[in-house]
Amino acid sequence: MAATGNEEQTLLPDIEEEAEGMEREMESDEEEEEGMGVEHSEEEDEEDTSEDERENEAEIQRLEEQLSINVFDYNCHVDLIKLLRQEGKLHRLRKARQKMSELFPLTEEIWLDWLKDEIRLTEDESDREKVYELFERAVKDYMCPEIWLEYVQYSIGGMGAQGGIERVRSVFERALTAVGLHMTKGASIWEAYREFEIVILSTVQPPPGSVPSQEQQELLNAQLSRIHTLFRRQLAVPLMDMEGTYAEYSDWADDGVPDTVTHQYRRALQQLEKCKPFEEALLASEPPKLAEYQSYIDFEMKEGDPARVQIIFERALAENCLVPDLWIKYTTYLDRQLKIKDLVLSAHERAVRNCPWTMGLWKSYLLALERHGADHQTVTDVFEKALNAGFIQATDYVEIWQSNLDYLRRRVDFSKEWSRELDELRAAFARSLEYLKQDVEERFSESGDLSCTIMQIWARIEALHCKNMQKARELWDSIMTKGNAKYANMWLEYYNLERSYGDAAHCRKALHRAVQCTSDYPEHVCDVLLNFERVEGSLEDWDAAVQKTDTKLNRVNEQRARVAEKEALQARQEEDKAEHRRKAKADKKSQKKTQKANRTGDKRKAEDEYEEEWGEDAELPSKRLRGEGDFGSTATEELMETESGLFGRRAPPPRKSEPPGFRKNQQGTSDALRQAQDTSKEQQRKDDNSVFISNLPFNLEDPEGKMRTLFQGCGTVQQVRPVFTPKGVFRGYCYVQFEDRLGVPEALKLDRQEVDGRPMYVSPCVDKNKNPDFKVFKYNAAMEKHKIFISGLPYTCTKETLEDLCKQHGTVKAIRLVTNRSGKPKGLAYVEFENEAQASQAVLKMDGTMLENFTLSVAISNPPGRKMEDKAAPSRILGAAMPRQPQGARGKGRTQISLLPRSLYRQSAPDAKAENGTVSASHDTVTDGVDGGPGSGNLDTQTKSLSNEDFARMLLKK
């Protein structure tokens, strides 16, 4: 029939074209030129159509090949079905739909298209039965009023067959049970049912003027009773537009509406008023409306009507079918409240088809099958499907195996010495251990059962039920060889097993081995051994136990003493390092003060000598720096100078030439003014009200003005302090201070915003002297199950492209493309979904897919731990007159200029290259016996000291 339908589908366009061609030939006698033009146009259209068909066929083949590689590609299934339907390839379309329906629940749209296509091709009764079967499959996936309405309408078309009317009524009753309580869409089913019965009423009414027979009157009364019953049943259900139904019944009923019906109608109206806020919230919200449905479900569960609870769960799942928690809540309710076999098992089956990656749903399904007496083969098939579902954790496989083993254990009759069920249980235990060792370890690099729980259960079953202690001891020997011998609790578990089902000799042996091997709680194991010998042992056994425990405890105490000594030594070393750093810092500060005082004294001395040489009235040679201005403007510029920042000081302001003696007269005033500046500036700085801006372009023009403009929307900007080098070049960072703290959180929101093509970093302003351990990292470094990490992205990928790719699998809340400091993408991204289920679904669907010829690698976000090791960066030696000082909390000090002649300066080794984030130590960077600081070579590797003759040769060298 499929082939026939396909031929009809393809021949129909040809027949229409031939008919149109014949009409044009008849018209060509009168309008030959116009006909030729039309035929020419048709040829072009046919060429375009054939080209489109070839492209579509190529795309269909590509999609089929992709599905042969990954059959679980949901979007590929959908695209293939759309193309096949567009091309009218019915046979292949049926196969594609059938394959997809076996793997996934189909959406309402896909089912309706499939049903309508099959209905159009229905010719005889056998075809109608196939369509009925298709409808039965469709109504099982989700609760869809539109599919049920299509089902009842199709069944009405077959009412002429034998038993057709009863079949229609049966379908209507099932539709009312499924969706009749749907508050917004259920009324359409009720109205269709009433209209059908009213049509039937018209067929049993006698002709006007005739007297009906008794049989006819009975049929008439029965039909009227059905219609009255339908009205009464509908008015007892809270549905939208109930008032219209009540008015229609009042007009239809000859004797008026009975009081009982009116009473039920008013109760339904009251219930409708209670539910209206929830229905309005659903209408006003955007899909998937999970929060609104959760509130609605909680309300209905408090009301306690099982039918209404079921219908609201079904409505919620139709729009949130990939939320495992919602399925778990629904199936748990059905297991505990309704306990109807068909309903419960159907819900469990749909749950695992929608969320196959959720182990808890499979576990509940297995328990439900056993609870409702499903046959053994059905339970086994479901378990095998669970193993192939693709769980995201190794422990999930351990739990699903435990559930299956529990089921198999409950089937065994241990009163018999041997049974087929017992052999099946032992085989399942052996297979589970092999599966965890091979399949699970290969995928997750761990078995998921570190404490060997399955083997412990097996050993206990062998000892308790099978009285086979030899097998139990073999299993425990295997457990201990898997790295568990050092744990006291494992040995005590084995000891308790021997104590319950073994003998004293094996108990003593187990405890002696425990004392020998345990490393976590040796004292406890020793106490258990001594207590055991107090009750069971002889004097020789007691002496042996005391000797063994004393030896063990002495060895443990020695090890602990060594560890404590080592820790104390490390603590002292850390204290010494901290003290050394404090001393070095203090020495650096004092050295800076001394150097500053020396420079000031030398400058004053040079000025005094200059004045003595030229005279007080002589005019000094003019010297200008980048600009001119009087003393007042210079003082004003010094007052407005921003702070030096972390690594440098702003360029000095220009000054005007001064007459001899002017500086002497103004020295006191200048010093006092500078001291007042520094004091007022320190008083104005407030770190709590400030943010630190970094990674700005070095060539940024007017950084102060741009930062003020950029941050003015965050709050009132009190001051902006850009940081410059001694030559006046912007260093790429600055401070922005607000009037109050309210502007800081708003400013932090601008982190990573682009400024002249580079991402701007915004962080809190914290004094590292007071908070040396303060770190700012705004992203979580732990596992986030609702967020995925994507690598292998093309560098041209944008947020919009990535959002379009990810929103097919859930609601995307945030996307972060990882870039370097210059703003260029690294091909990495983090995508945050609304919940864990959507993130897991995205991992399953997107991992290994292609984007612009790049293969994507997708996983749950689990960043590696951040290492906080201090790494000393090598620095160039600018001069060897004094050792390079370590950087302080506020950055580098002033440049130390070397007074050593260049001919005596020995070149340092090239800078170390960074590899994998670490800097290799440089060598041979010692100049003339003076240590060059970090990165310099060892003193033992220095060359020998130079003599006076060597220095003379260097000075005279040309």
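A: The answer below goes through the sheet and then turns to its helices. Residues are numbered from 1 along each chain as its sequence is written. The model is predicted, so that local features need pLDDT of at least 70, side-chain atom pairs count only at pLDDT 80 or more, and totals for chains, interfaces and linings use all residues, while side-chain values use heavy atoms, with hydrogens and water left out.

The open sheet is formed by four strands in the order β7-β8-β6-β11, with antiparallel pairing; strands (E, at least two residues) and helices (H or I, at least four) are DSSP runs numbered from the N terminus, and two strands pair if DSSP finds at least two bridges between them. Because β7 (812–819) and β11 (857–861) stand at the edges with a single partner strand each, one side of each is left without a neighbour in the sheet. On average, and with direction ignored, neighbouring strands of this sheet are turned by 25 degrees against each other. Five bridges join β6 (residues 784–791) to β11 in the antiparallel sense, and the bridge partner of I790 in β11 is V858.

Helix α31 (residues 799–806) lies across β6, β7 and β8 (825–833), and runs at about 135 degrees to β7, where angles run from 0 to 180 degrees between N-to-C directions and axes are lines fitted to C-alpha atoms, for helices over the stretch in contact, contact meaning heavy atoms within 4.5 Å. Helix α32 (residues 836–846), in turn, lies across β6, β8 and β11, and its direction is at about 25 degrees to β6.
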